[in-house]
Amino acid sequence: MTDVLASRSFRGPAAGDAIEAVHNDLDSLWLDVPFVSDMDKMTFTTAVIESASNIVQHAQPAGDRGVELGVETTVQQAMLQARVSAYHAKPPFGPMEPATPGEEAESGRGLALIEALVTTVTFERQDGTNTWVLSRTSSQDA
């Protein structure tokens with residue numbers, strides 16, 4: 001079954017208050033899908049917020065327009081998915097691989113955390129938009 005059972009969408013300036021708005025959207029989303037386990041809710045929320053925070057903190061505008069954050073979240077029977085986008089942004093700098101905890105690298109730790117919390121992370125770049133697609137297979141079915 002691949003029907004979307006609930007969804008939320010946010011788009012706005014990549015600023016601190018955007019993180020609160022995304023968090024509120026996720027809190028609201030979970031009310032619509034009570035069958036999602038608390039562990040799935042917590043880990044997925046953490047991954048989405050970390051991704052959105054990385055955009056707010058690190059994304060650089062590609063031109064005169066400011067970077068916008070977009071988060072589209074969907075819940076299917078056995079899958080949680082979020083498309084976290086940086087609109088009007090330069091491509092990310094540096095490697096797209098996560099740093100391991102023992103390394104002294106200042107960047108990449110957020111990606112390592114995100115990858116530990118979800119089943120898959122993919123990256124897409126199209127028309128000045130960087131998008132990270134986070135998917136987590138739900139640990140319990142309804």
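The accessible surface of this protein comes to about 7800 Å², and 51% of that area belongs to carbon and sulfur atoms; the areas come from the Shrake-Rupley method with a 1.4 Å probe, and for residues only the protein chains shown count as cover. The model is predicted: local features need pLDDT of at least 70, side-chain atom pairs count only at pLDDT 80 or more, and totals for chains, interfaces and linings use all residues. Residues are numbered from 1 along each chain as its sequence is written, and side-chain values use heavy atoms, with hydrogens and water left out.

Let me turn to the overall arrangement. The protein has three helices and five strands, in the order β-α-α-β-β-α-β-β along the sequence. Helices (H or I, at least four residues) and strands (E, at least two) are DSSP runs, numbered from the N terminus. Of the 142 residues, 39% count as buried. Here buried means under 20% relative accessible area, exposed means over 50%, and partly exposed lies in between, with a 1.4 Å probe and protein chains only. Among contacts with a separation of 6 or more, 64% are accounted for by residues 24 or more positions apart, a contact being heavy atoms within 4.5 Å.

As background, nonpolar side chains tend to be buried together in soluble globular proteins. Leaving aside residues up to four places away in sequence, Val22 touches Phe10, Val48, Ile49, Leu69 and Val71.

Next, the helix α1. Its 17 residues should span 24 Å at 1.5 Å a residue, and the end C-alpha atoms are 26 Å apart, which agrees; the expected span is 1.5 Å times one less than the number of residues. Which residues of α1 are buried? They are Ala18, Ile19, Val22, Leu26, Leu29 and Trp30. Because these residues cover an arc of only 115 degrees around the axis, they lie on the same side of α1; the arc is that of the directions from the helix axis to the C-beta atoms. Their cover includes β1, α2, β2 and β3. On the face of α1 turned away from the buried side are the exposed residues Asp17, Glu20 and Leu31. Leu31 counts as exposed because its relative accessibility is 69%. The C-alpha atoms of Leu31 and Ala6, 25 residues apart along the chain, are separated by 9.6 Å.

Helix α2 (residues 38–58) has 21 residues and reaches 30 Å from its first C-alpha to its last, close to the 30 Å expected at 1.5 Å a residue. Its buried residues include Phe44, Val48, Ile49 and Ile55, and also Asp40, Lys41 and Thr43.

Why is β5 described as largely enclosed by the rest of the structure? The reason is that eight of its nine residues are buried. Strand β5 pairs in the antiparallel sense with β3 over nine bridges, and β4 and β5 also pair in the antiparallel sense, over seven bridges. Two strands pair if DSSP finds at least two bridges between them.

Finally, two backbone details. Asp127 lies in the loop between β4 (120–126) and β5 (129–137). In this hairpin, which has two residues between the strands, Asp127 takes a positive phi near 50 degrees, a positive value in a residue other than glycine. Is Asp127 buried or exposed? It is exposed, because its relative accessible area is 74%. His88, in the loop between β3 (79–87) and α3 (109–117), likewise has a positive phi, of about 65 degrees, although it is not a glycine.
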